[in-house]
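Morning, everyone. I have one structure to walk through today. Let me put it on the screen.

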Number of protein chains: 2
Amino acid sequence: MNVTIDDVAKLARVSTATVSRTINGNYPVHESTKKRVLKAIKDLDYHPNYSAIALATKSTKSIGVLIPGIANPYFLKVTEAIENTIYKSGYIMFLCDTKNDPEMERYYINNLLSRNVDGIIVVEGPDENHLNGFFNKAAEKINVVIINGISENLNCHHVSCDQEQGMRDALDYLISIGHVNIGLLIGNNGHSFRLKKQFFIKFMKQKNIPLNKENIICLQNENELPNADNLSHLLECVLNSKNRPTAFYVGNDLMSLTLLEASKLLGLSVPSDISIIGNDNIAFTEFCSPKLSTVDYKTEILGETSAKLLLNVIENKKGDDKLEKIVIKTEFINRESCASLK
Amino acid sequence: MNVTIDDVAKLARVSTATVSRTINGNYPVHESTKKRVLKAIKDLDYHPNYSAIALATKSTKSIGVLIPGIANPYFLKVTEAIENTIYKSGYIMFLCDTKNDPEMERYYINNLLSRNVDGIIVVEGPDENHLNGFFNKAAEKINVVIINGISENLNCHHVSCDQEQGMRDALDYLISIGHVNIGLLIGNNGHSFRLKKQFFIKFMKQKNIPLNKENIICLQNENELPNADNLSHLLECVLNSKNRPTAFYVGNDLMSLTLLEASKLLGLSVPSDISIIGNDNIAFTEFCSPKLSTVDYKTEILGETSAKLLLNVIENKKGDDKLEKIVIKTEFINRESCASLK
DNA sequence: TTGAAAGCGCTAACAT
DNA sequence: ATGTTAGCGCTTTCAA
């Protein structure tokens with residue numbers, strides 16, 4: 001069997017309580033006995049059993065992170081930032097891939113609840129569990145931080161990117177270099193895309209540019225690399241059309257990449273035939289050709305902020321129940337995928 | 001407080017044992033009482049406490065996955081495949097980023113041990129803990145599967161790619177199209193790179209090609225995207241040299257990318273000035289320009305095989321202690337980054 | 001400053 | 001088929 005706190009206590013000739021106290025440093029222990037205990041711990045190579053601690057204290061020093069897909073580098077940059085900040089505090093992370101499926105999301109949250117994680121971070125994801133109150137119910141039992149989800153009527157802490165700001169800069173830029181016939185390419189799932197669509201419509205109205213509904217296209221699987229389905233969908237419903245947009249704003253960089261590939265397939269050149277501005281600033285955008293202009297979502301700050309917020313909430317749950325809503329600035333990064341029409 | 005098995009038992013007018021039995025289905029329970037229990041569970045929205053189960057059974061339905069860096073898509077493709085296979089069996093995964101640091105590796109393994117995970121998968125990583133016996137010691141306490149690590153004197157289960165095969169095909173191809181002055185670009189950490197170096201030397205000897213030691217270059221941070229440090233190191237020690245190789249075999253695709261960028265910086269064109277064959281077949285290689293030739297490491301099969309192996313071992317630990325060593329085939333994929341010298 | 005002991009929520013051996 | 005109960009390994013209150 002494994003070595004337990006009893007073994008340590010026996011070897012050090014103290015009670016288990018004293019061992020616990022010297023480990024946790026939460027009650028006074030005499031220097032000399034502390035030394036004996038520490039030596040026993042070392043001699044026996046004792047490692048405390050987290051399951052027992054969890055049972056006794058309700059704390060597991062672990063959190064759950066839900067992402068819609070491992071294939072999208074954007075989610076993983078956020079995850080990386082989260083990992084980098086929590087491990088310093090001794091926390092460890094369950095990574096859960098929900099595949100953008102609301103039911104999987106519920107499954108994992110219930111699972112994590114059963115596992116007594118100290119908190120949960122939900123990175124984007126589908127709307128359903130926002131709207132049906134599931135997240136709010138979960139938040140009654142556990143600390144949850146939502147990244148870029150619906151924040152209205154939400155009882156969870158919330159960190160989001162300023163979606164309008166970067167997008168406005170990007171669209172302003174497109175217009176400033178002469179584009180009028182602008183398309184919007186978004187995904188089917190999630191709050192972010194809905195926000196972008198709303199803003200796009202609002203923006204075009206503000207600029208008095210008549211909106212061509214056909215210029216707004218939805219891809220089914222927004223978190224996938226370019227593939228036959230997405231490409232053919234794009235080819236059919238947009239790039240072949242007579243009134244093809246001269247520029248596209250694209251809701252995430254994986255889809256920018258798909259659009260880039262689709263253009264190549266059609267023999268269209270980016271940016272001279274078609275300009276592209278993406279979203280997220282995943283690493284790839286800097287190394288493809290042309291380098292993609294994009295809106296940087298500050299993934300590192302996003303992940304770090306969320307993790308710090310969660311840790312704060314966990315360690316200070318003295319019943320001060322104020323909800324945090326943090327907004328991160330975004331930044332339009334202009335690289336090589338936009339050409340002037342003038 | 002949370003609802004416990006006692007609450008369920010009380011409501012269903014049975015003992016906790018009966019509740020436990022109907023949940024786990026490991027002992028007979030009468031249909032009618034089973035129904036009562038199930039109803040009580042539903043009515044109370046009862047979720048069993050994993051910490052308590054873990055304490056009582058030593059099983060947590062969780063595994064730990066160690067990777068050297070979240071930034072390398074190759075590791076995440078493996079991770080994704082692992083997740084996809086374990087979640088179907090009700091398992092969940094701690095993701096641990098060791099940053100290629102042996103001490104972090106030990107920290108996480110000890111941590112996971114304390115948490116009573118049912119098994120651990122180590123994806124690549126540094127050599128130190130192979131050589132100093134740390135992994136072997138860990139394997140006495142828990143099931144561990146190593147991916148692409150040192151397999152000599154190893155008491156852990158082991159899944160690896162056939163490193164020589166794909167590389168031989170690649171090098172054969174380079175020679176077949178006229179290259180003789182071939183360089184090798186590898187990373188500093190890990191068994192895979194050492195294997196590649198050994199094989200490279202052996203191969204050149206077989207082909208009677210004199211080996212220029214300067215053609216073997218090591219990058220410090222092999223799991224990073226192209227950055228100033230790596231680029232300048234490359235520029236200095238290779239591409240500027242008079243006797244610059246006409247082709248490179250590169251130990252991973254992140255470094256292929258770095259090499260590609262470095263070439264661009266020097267105004268060299270790939271493949272006409274310099275041919276590149278990478279390793280791993282990360283998604284990027286298919287969408288950059290030129291599309292990179294590479295050796296496919298079958299990440300999906302690799303991850304899935306490892307996960308299935310681990311689950312098997314976990315669920316059948318009837319003391320049959322035979323160590324599994326599985327080798328996965330690799331495949332040279334020729335795309336656009338090699339040019340003939342003839 | 002230290003020890004004794006109850007309790008965290010579950011499982012499984014034993015008894016019926 | 002079901003109930004009783006002794007743990008699993010730790011924390012923490014109460015007493016000393």
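Start at B:Thr18. An N or O atom in its side chain sits 2.8 Å from a phosphate oxygen of DNA strand D. Keep in mind that this is a predicted model.

A:Ile5 uses a polar backbone atom instead, at 2.3 Å.

Now, which elements give two or more residues to the surface near DNA strand D? In chain A, they are α2 (16-24) and α4 (50-57). In chain B, they are α2 (16-24) and α4 (50-57). The largest share is that of α2(A), with five residues.

Next, the whole surround. There are 31 residues around DNA strand D. The nearest are A:Ile5, A:Tyr46, B:Arg21, B:Pro28 and B:His30.

Last, a helix pair in chain B. Helix α1, residues 5-12, packs with α2(B) at about 100°, and the axes are 8 Å apart. Angles of 65 to 115 degrees count as roughly perpendicular, so α1(B) is roughly perpendicular to α2(B). Who makes the contact? From α1(B), we have B:Ile5, B:Asp6, B:Val8 and B:Ala9. From α2(B), we have B:Thr16, B:Val19 and B:Ser20. By class, that contact has four nonpolar, two polar and one charged residues.

That's it from me. Questions, please.

Notes:
Residues are numbered from 1 along each chain as its sequence is written. Chains are lettered from A and ligands numbered from 1 in the order in which they are written. This is a predicted model: local features need pLDDT of at least 70, side-chain atom pairs count only at pLDDT 80 or more; totals for chains, interfaces and linings use all residues. Side-chain values use heavy atoms; hydrogens and water are left out. A residue is near a molecule or strand if one of its heavy atoms lies within 4 Å of it. A polar contact is a pair of N or O atoms within 3.5 Å; within protein, one must be able to donate a hydrogen and the other to accept it, and residues adjacent in sequence count only if both atoms are side-chain atoms. Helices (H or I, at least four residues) and strands (E, at least two) are DSSP runs, numbered from the N terminus. Axes are lines fitted to C-alpha atoms, for helices over the stretch in contact, and angles run from 0 to 180 degrees between N-to-C directions. Angles under 35 degrees count as roughly parallel, over 145 as roughly antiparallel, 65 to 115 as roughly perpendicular and the rest as oblique. Contact means heavy atoms within 4.5 Å. Ala, Val, Leu, Ile, Met, Phe, Trp, Tyr, Cys and Pro count as nonpolar, Asp, Glu, Lys and Arg as charged, and the others, Gly among them, as polar.
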